[in-house]
Amino acid sequence: MRRTVKTISAGAAVLGSVILGSGAAVAAPQWQSVGKVTSCEKSVAHSAVGGVNFQGCLVVSELGRAQVVLVVNNHSGRAVTVSGAIASDFGDASCEQMTLSTGTQRACYGPTAAVPDCYDWGAGATGGPYGGTVRFTVNGVTNEAKSSTVCLNWVDFPG
C-alpha cells in the first residue's frame, strides 16, 4: 500500500510539472511573484512617487529561450496604482492595472521565445544582443528603461 501511494504521489508530481512547466514563468497580463531572473539592469526610481522603483530583467533558460521581465518595488510608505508593458525581441506584453501595496515586489513577465543567433557582419548588418524595453506606469505617469540583454551564440559571416 505504501509503495502504491508513493508511486501515485510521484506520478502526480511529474504530471503537475509537465502541465505547469518546470519553473517556467507565467506571461502577462497578471502580475506575478518575482521568480529566478538571470540578469537585471540597475533599478530606476520612478518619477511619480519616491520609493517606487523598477528594472528591466531577463530570464534565460538552458534551452536557449528567454523573456524580458519588469520587476517593480514599492517602498514609498503608501499604496500606488500601477500597470506595466514590455516591448522585446521575444514579443510584447502588458500587465493589468493593480494596486501595489507598500513593501511589496511584483513582476510582469513577457512572452518566452528562442534567442536568435547574434552576428556582426559589418556595414550595419548586426543582430543582437537581444532584450527589450520595460514601461512602468505609476499613478498615471509612465517611465521606461531597458532590460538586460543576451547573446547565446555568435555566428560568422556566411560564405
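Biologist: How many bridges join strand 5 to strand 11, and do the two run parallel or antiparallel?

Modeller: Strands of a sheet pair through backbone hydrogen bonds, and they do so either parallel or antiparallel. In this predicted model, seven bridges join strand 5 to strand 11, and the two run antiparallel.

Biologist: Which residue of strand 11 stands opposite Ser88?

Modeller: Gly132 does.

Biologist: What is the strand order in the open sheet?

Modeller: Read it across: 6-5-11-12. That is four strands, with antiparallel pairing. Next, look for the edges. Strand 6 and strand 12 (141-146) each pair on one side only. From one strand to the next, the twist averages 20 degrees.

Biologist: Now the core. Which residues touch the most other members of the largest nonpolar core?

Modeller: Start with the general idea. In soluble globular proteins, nonpolar side chains tend to be buried together. Here the largest nonpolar core has 27 residues, and Trp31, Leu70, Phe90 and Phe136 touch the most other members.

Biologist: Which residues is Phe90 in contact with, leaving aside neighbours within four places in sequence?

Modeller: Among them are Leu58, Ala66, Val68, Pro111, Val115, Tyr130 and Val150. Gln67 and Gly131 are also in contact with Phe90.

Biologist: Which residues does the second, separate core include?

Modeller: That core has six residues, including Cys57, Val59, Ala107 and Tyr109.

Note on methods: Residues are numbered from 1 along each chain as its sequence is written. This is a predicted model: local features need pLDDT of at least 70, side-chain atom pairs count only at pLDDT 80 or more; totals for chains, interfaces and linings use all residues. Side-chain values use heavy atoms; hydrogens and water are left out. A nonpolar core is a set of buried Ala, Val, Leu, Ile, Met, Phe, Trp, Tyr and Cys residues joined through side-chain atoms within 4.5 Å. Buried means under 20% relative accessible area, exposed over 50%, partly exposed in between (1.4 Å probe, protein chains only). Contact means heavy atoms within 4.5 Å. Two strands pair if DSSP finds at least two bridges between them. Axes are lines fitted to C-alpha atoms, for helices over the stretch in contact, and angles run from 0 to 180 degrees between N-to-C directions.
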